[in-house]
Each structure stands twice: as structure tokens, then as C-alpha cells.
Amino acid sequence: MKIDTIDLGPRPVLLAPMEDVTDPAFRLMCKRFGADMVYTEFVSSDALVRAIDKTRRKLEICDEERPVAIQIYGKDVDAMTQAARIVEEARPDMLDINFGCPVKKIAGKGAGAGMLQDIPKMLEITRSVVDAVKIPVTVKTRLGWDDNSKIIVDLAEQLQDCGIAALTIHGRTRAQLYTGEADWTLIGRVKDNPRMRIPIIGNGDIADPQRAGECFDRYGVDAIMIGRGSIGRPWIFKEVKHYLETGEQLAPLSFGRRLDVLRQEVADSVARLDERRGIIHIRRHLAATPLFKGIPNFRDTRIAMLRAESVEELFRIFDNIYLASETALPGSSSF
Ligand SMILES: Cc1cc2nc3c(=O)[nH]c(=O)nc-3n(C[C@H](O)[C@H](O)[C@H](O)COP(=O)(O)O)c2cc1C
């Protein structure tokens, strides 16, 4: 599958943009496990234009993670256009526009999914950004604002007419936030529209290899994108890719290997921030990981793990978990 001239191979599996999650280290980790393309977290166009240091740093990418898309959001045509030019200087492979963020502080101000209530403006921004840069521009959005306005089938065509190179659809409305289930039938309807030429990337609730296969087979999407399913579990890309390629489940990586992946995530996070902030940052991954499921009486250890304040303390807890796993999960801790 190609987006513009960028070949992502057959049935690509992409890492979703996630604020405060898809930092450079996590993107690289997912890439090494097989993600075919990765996205930065969304970057505020207003802050980019104002040259806020912290925001500019979000544009840092490395060659090893390519192809990589930088995502921007905003509600102002000029700021979005200027931000697109700034992004292009950072040399990503693509620029993605966020018209899907549902949180109040973004959508409530008309940016992100808020743009689903002002389609003319959404199209104006898209056209202007496409015109402003030479790299391919893609859009990520939702089915519509709410149940009464699931406009994605028409909207997809309108966005295509603005010149975007691919469209990602998260199968929820803004009103749903992250509740209920992603509705893939409408994503399938966009794919069924004979007027659509650009690749459609389906997104929402893919958390295992079988579901990934179903999304390709039932809904005909050109690529899939995984978000929450990768937090605390970047090896999901290896599992999904293997299943898509062979139709077989990959034997799980050993417990020890997966624990080492989490250790690496901790180390990366601490190296990027500092010990205190790095540990706070990585707690979300540790809280979300499915790795510790099935370990009996894990509750106290989990609390200790999520409260640990130094790498030494955290790694000591990991060592104890590993030792406990040898008895609790027989055969699972061999490297
Ligand atoms: C913590 C978190 C942060 C997110 N940040 C972004 C973001 O910056 N840009 C974006 O387009 N979507 C963002 N999303 C939405 C995801 O990209 C994705 O569309 C959504 O989680 C549904 O996919 P999933 O079910 O695979 O997680 C975020 C989601 C989560 C859970």
C-alpha cells in the first residue's frame, strides 16, 4: 500500500498518534516491533507559530523511525498553514492534520474534532495546508460530531478533493469520546464508495491480531492504526504483523523478554526527561501493560510499582516480579 510515493508494504499496521505517549523512544520501540509507520503526538499549530521551545521539540524525529508523520492541530487557517511550513522543515515523511481530538479544551474551542461542526473551515484549512507544503498531507478524523451527524462518507470525498494523500478514520463520533465500541461499518462504507481513491486507514479498538485481520478482511481498509493496544505492549505490532503474514498466532515473547521491553521503556523515559519526570511519564505504560495479568496476589506489587520513585526501586520490583513469575507462570520466564 502506498501513501503518495511512500510504500508501506502489504496490509500496513500503523502506530496511532497519542499525546504524551508517542514520544521518540516509544515510536522507535514500536517501529522495531514492526509498526509500518509512526506518528508524533499532536502538536499545537499556535504554539509552533509562537516558537514555544517545548512545542518545537515535539518535531524532533530520527531517520530510524521513518516513515514518520508529524501531526498538527488548530482552528486558525493562517496558523495551521504557517505551522505546516515549520513542520516541513523538520523533514517528516508526512504531515497529518488532527480533526479528531474530542477533549473539551481542544474540540470545545473548535480545533480537533470541533472542526466536525464547521466543515467549510475544515476544508479550507486542509486545502491551505496541502498547498503550503510539498510533503504528503493526511487527515485523521472521526465519524462525525454525534449520532445525528455521522457524515464521514461525504466528508471523506470532500477531504479527498482538497488533495490529501490518505485519510484515517477513528470509528467513533466526538460525542462518544472513547466510550462504546468503534463502529467499523461506516469505515467500510467509505471504502465501498467507488469515488474514493486515496488509502483509508481504519482505527479504533484493535487490541489483538485476529481483530486486526478482521478489520482488513471485513471492512477492506488499506491500513490499520493501533493506539491504546500498544501502550505497555509495543510488541503487539510483532504479533499483529505475524498473524497478518501467516494467519498464525505468534508464540508470545517470553515473560522475561517482555519485562525487558518495559525496563527499556523506563530507561528511555528517564534518559529523555529525568528520573522523576521519566518515571511519572512511564507509569501510564506500566499501568496499562497486560504483562502482569494472571500473577496471583499482584495488587500490592502493582501499587508499589506505580508508586516507585526511583529507577532502582522500580527495577528491584521488576526483579521480584520476574522471580515470582517463575513459580506463578511456569515456563513463561525463559528468555
Ligand atoms: C492517551 C491518548 C492520547 C491521544 N492523543 C492523540 C493525538 O495526539 N492525536 C490523535 O489524532 N489522536 C490521539 N488519540 C486517539 C488515538 O490516536 C486513537 O484514534 C484512539 O485511541 C482510538 O484508537 P485505539 O482504540 O486503537 O486506541 C489519543 C488517544 C489516547 C488514548
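I began with D205, which is partly exposed, as 19 other C-beta atoms lie within 10 Å. The model is a predicted one. I found D205 in the loop between strand 9 (200-203) and helix 9. D205 is not a glycine, yet its phi is positive, about 70 degrees.

I looked up L177 next. Its phi is also a positive value in a residue other than glycine, near 50 degrees. L177 sits in the loop between strand 8 and helix 8. I counted 13 C-beta neighbours inside 10 Å, so L177 goes down as partly exposed.

One more loop entry concerns P67. I placed P67 in the loop between helix 3 (53-56) and strand 5. The peptide bond that leads from R66 to P67 is cis, and its omega is near -5 degrees.

Eight strands make up an open sheet, with parallel pairing, and I noted the order as 3-10-9-8-7-6-5-4. Which strands stand at the edges? They are strand 3 (13-15) and strand 4; each has a single partner strand, so one side of each has no neighbour in the sheet. From one strand to the next the twist averages 25 degrees.

Strand 3 pairs with strand 10 (residues 223-226) over three bridges, in the parallel sense. There I found L15 opposite I226 of strand 10. V43 has I72 of strand 5 as its bridge partner. Is strand 4 enclosed or open to the outside? Of the seven residues of strand 4 (residues 38-44), five are buried, so the strand is largely enclosed by the rest of the structure.

I went on to strand 7 (residues 137-142), where six of the six residues are buried. V137, V139 and T141 point one way, T138, K140 and R142 the other way, and all of these are buried. Strand 7 has a parallel neighbour in strand 6 (residues 94-99), joined by five bridges. Strand 8 (residues 166-170) is also parallel to strand 7 and joined to it by five bridges. I used V139 to trace both pairings: I97 stands opposite V139, and L167 is the bridge partner of V139 in strand 8.

Next I took helix 1 (residues 24-32). I listed its buried residues as F26, R27, M29, C30 and K31. What covers them? I noted that the cover includes strand 3, strand 4, strand 5, helix 10 (236-246) and helix 11 (255-272). After helix 1 comes G34, with a positive phi near 115 degrees.

I also looked at one helix pair. The axes of helix 8 (residues 184-192) and helix 9 (residues 209-219) come within 9 Å and cross at roughly 45 degrees. The two helices are therefore oblique to each other. Helix 8 makes the contact through W184, I187, G188 and K191, and helix 9 through C215, R218 and Y219. I sorted the residues of this contact into four nonpolar, one polar and two charged.

My last entry is the ligand. How many residues surround the ligand? I found 21, and the closest are A16, M18, F42, G227 and R228. The shell around the ligand divides into eight nonpolar, eight polar and five charged residues.

Notes:
Residues numbered from 1 in each chain as written. Predicted model: local features only at pLDDT ≥ 70, side-chain atom pairs only at ≥ 80, totals over all residues. Axes fitted to C-alpha atoms, helices over the stretch in contact; angles between N-to-C directions. Helix = DSSP H or I, 4+ residues; strand = E, 2+ residues; numbered from the N terminus. Parallel < 35°, antiparallel > 145°, perpendicular 65-115°, else oblique. Contact = placed C-beta atoms within 7 Å. Nonpolar A, V, L, I, M, F, W, Y, C, P; charged D, E, K, R; others polar. Buried ≥ 20, exposed ≤ 12 C-beta atoms within 10 Å, placed from the backbone. Pairing = 2+ DSSP bridges. Near = placed C-beta within 6 Å.
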